[in-house]
Amino acid sequence: MFAWQRLDLLATVAMALLAGGCALQPAPKPEDTRAQAMGSTDVTTPWRAGDGNPAVVQDNWLATFNDAQLDALVAEAVQRNPDLRIAATRVEQATEQLRIAEAARRPQISIVGTGGIKMTDMSSALTGIAGLLTWELDLWGQLRYQREAAAAGLTAVRADTEFARQSIAATTAKAWFIAAQTLGEQQLADDMVKSSDHLVRLAGDRYRIGAGSDQDVALAAANLNAARDSLVQARYAHQASVRALELLLGRYPATELRARPDLPRLPGPVPAGLPLQMLERRPDMIAAERRVALAFNRVGQAKAAELPSIRLTGNVGYIDSDILQLKQDYSNPSAGVGAKIVAPIYTGGGLDAQVELMNAQQREAVAQYARQALRAIGDVEESLATARKLAEREVLLKAISADQQRALDLVLIAYRVGKQDLRSVEQQALALYATNVNLLRVRGEELSQRVTLHLALGGSFGDRIDVSDAGR
């Protein structure tokens, strides 16, 4: 039989065996994974802490703050942040693992050559060249399960990377708001120093005309130094916030970045959708679901490893020697085909243990999904409740600040005409300062909490990247 006829026979046998191979059991669908993991937990009703609006969550939340500098900083962080560069290498690794799994299903072809140099009349080297083909038939789906597991792993890693991108964007936005907030606190502290310095001069003037006392002068000086100490602390807090932001951007923390002088306005309310929609769109939840599929396919791979495996082989070669006598019926080139079957009989329980190990890992993946889903639901509910509380506090603090400002104006007038002492003025000024600082912090926290809500809901800071079919 000619070489090409033998190879053709090999291919025909392989196709026949593959056609009779076992079909893969499909991995659980996302809704099946949720049902198994969440049990009776209801994820189809509106958020308890929300306003009951089931409108779909919107992407591109970064644009709602209408801050061009923030947009540029987020783009810089996404491009340069070291954590994202690490995540990108993990995607590359998972991609190559998928390629390795796909390559294992294909025939492997190699060439072997041998030869030498004749040194004496009595020596000679055998020379020749051969092409070898090996092909493991995936009768029971072991290699296909391996490929499906690698594909699910790639999807999970890509989803993790996308969630990391969204987290970096959210963290950068929060850091930007904190830098503006601490700058505002520094400005309030500076105003307090100026006000205290004015009171020191006023106390001195009153003392010189006999309307004040040494105690008022000393008290005013002490309060001025206390205000200066608060200013020092505010400056340090602002510098620390800028350094943290610069590190997020991948810059050297030199406190060279200039924060915006005020906080942006809080955008209007956002649609929160339903808990089920959040579980379907959040990249980290997609990653958790894909890891359940990965574990399922590894169970199938382990079970298939308990069954016999068949490897087909073929070769075509040419051999020659000037002193060795080859068989009379040997002809060059030559070819051959063969098959190798390996059936595990006794492995000391190793294969059974491998199946049980993969089953345990699958149960762990389902439990991890349940834990992560409950945590994600809790993140949204907490964010919605906190936003409502902060909105109420802002209204109250604005009213308190206005009332305290009027009270300070009145007590200053009374102090100038001698109807109030300096202690009353200082107490009222400190109360106003503390309220304004709290109001500024509440406004900053509202902005940060809004970003947290977008991240918890699975909203993307830009155009949404679909990772559901990665590796397919």
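Predicted model: local features only at pLDDT ≥ 70, side-chain atom pairs only at ≥ 80, totals over all residues.
Student: What is the chain built from?
Tutor: Its secondary structure comes to 10 helices and four strands. Along the sequence the pattern reads α-α-α-α-β-β-α-α-α-α-β-β-α-α.

Student: What about contacts across the sequence?
Tutor: Take the contacts between residues at least 6 apart in sequence. Of these, 85% join residues at least 24 apart.

Student: How far does helix H5 reach?
Tutor: It reaches 97 Å, first C-alpha to last. H5 covers residues 142-208, which is 67 residues. At 1.5 Å a residue, 99 Å is expected, so the span is close to that.

Student: What follows H5?
Tutor: Gly-210 does, and its phi is positive, near 85°.

Student: Now the inside. Which residues touch the most other members of the largest nonpolar core?
Tutor: Trp-61, Leu-70 and Phe-177. That core has 32 residues. H5 gives the most, with 11 residues.

Student: What is Leu-70 in contact with?
Tutor: Leaving aside neighbours within four places in sequence, Leu-70 contacts Leu-62, Phe-65, Ala-173, Trp-176 and Phe-177.

Student: Is Ile-111 buried or exposed?
Tutor: Exposed, because its relative accessible area is 66% and the cut-off is over 50%. Ile-111 lies in strand S1, residues 108-114.

Student: Where is Pro-308 found?
Tutor: In the loop between helix H8 (283-304) and strand S3 (309-320).

Student: Why does Pro-308 count as partly exposed?
Tutor: Because its relative accessibility is 30%. Partly exposed sits between the buried cut-off, under 20%, and the exposed one, over 50%.

Student: What does Pro-308 touch?
Tutor: Not counting residues up to four places away in sequence, Pro-308 touches Trp-140, Ile-341, Val-342, Ala-343 and Pro-344.

Student: How many residues separate Pro-308 and Val-342 in sequence?
Tutor: They are 34 residues apart in sequence. In space, their C-alpha atoms are 5.4 Å apart.

Key: Residues numbered from 1 in each chain as written. Heavy atoms only, no water. Helix = DSSP H or I, 4+ residues; strand = E, 2+ residues; numbered from the N terminus. Buried < 20%, exposed > 50% of the residue type's maximum accessible area, 1.4 Å probe, protein only. Contact = heavy atoms within 4.5 Å. Core = buried A, V, L, I, M, F, W, Y, C linked by side-chain atoms within 4.5 Å.
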